[in-house]
Amino acid sequence: MKRSVPFALDISSDDDDDDDKPSPSNGIKNLSITKRPKIETTLINPIPAKKVITEELLRKSAKMYQEYMKEIPIPAQHRSIIPFKSWTGLANSMKQMYQQPLHYLTNIRMKEWDEMRDGDGDDPLPLDTMIHPCKAETNIWLIEEVHRLTSSHQFLAKLWIADPMYYTFIDSVFPQL
């Protein structure tokens, strides 16, 4: 888990003592200390501060995200056939194989397609037995191209404002703002 606020520990001392003088930290014992030891105050905040995300910040983030995604080229050739059981499984394998993120909207679409298949609660057949893996991968890349090139950052911001968990569908390759 990433911490948004690092622990702040003040280990400095106001005393200009040398290291050879007795102190609790250097292991030298001097039982004749008459001065009361200084108590260091440390600030440890176990609960990270909540980030305040405004609509304006989300709009700016969505614009940067969309511009970033437009710059990533769609692969021109298949590298190999990827066996898969679900759309999200295929999408995750493609991200690893091609080392690039998929668009937020593509990730949402893959989740929706998997939910359409799981409607009756039974364990559905693996997709690669119904759809050839190359056709399925091509389908995802075509959808990805549409999302990268034509999606409006205003539309993305509107979706992100409505969904407090939107960031779970943004691939980690995108730099955090």
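# Reading confidence, burial and salt bridges

User: What average pLDDT does the chain have?

Analyst: The chain averages a pLDDT (the predictor's confidence in each residue, from 0 to 100) of 76, and 66% of the residues score at least 70. Over residues 1-14 the pLDDT is below 50, yet beyond near neighbours in sequence this stretch has 18 contacts in the model. A contact means heavy atoms within 4.5 Å. Residues 39-50 also stay under 50, with 16 contacts beyond four places in sequence. Where pLDDT is low, the predicted coordinates should not be read in detail.

User: What ground rules apply?

Analyst: This is a predicted model, so local features need pLDDT of at least 70, side-chain atom pairs count only at pLDDT 80 or more, and totals for chains, interfaces and linings use all residues. Residues are numbered from 1 along each chain as its sequence is written, and side-chain values use heavy atoms, with hydrogens and water left out.

User: Is Thr106 buried or exposed?

Analyst: Buried means under 20% relative accessible area, exposed over 50%, partly exposed in between (1.4 Å probe, protein chains only). Thr106 is buried because its relative accessibility is 0%. Thr106 sits in helix 3 (residues 104-117); helices are DSSP runs of H or I, at least four residues, numbered from the N terminus.

User: Which residues does Thr106 touch, leaving aside neighbours within four places in sequence?

Analyst: They are Ile140, Ile143, Glu144 and His147.

User: How many salt bridges does the structure hold?

Analyst: Side chains of opposite charge can pair when their charged atoms come close. A salt bridge is a side-chain nitrogen of Lys or Arg within 4 Å of a carboxyl oxygen of Asp or Glu. The structure holds five. One of them joins Glu144 to Arg148 at 2.6 Å, N to O. Both lie in helix 4, four residues apart, about one turn of the helix. Glu144 and Arg148 are both buried.

User: What separates Lys111 from Glu115 in helix 3?

Analyst: About one helical turn, because they are four residues apart. Lys111 and Glu115 form a salt bridge, with the closest N and O atoms 3.3 Å apart. Lys111 is partly exposed at 35% relative accessibility. Glu115 is partly exposed at 46%.

Methods
Helix = DSSP H or I, 4+ residues; strand = E, 2+ residues; numbered from the N terminus.
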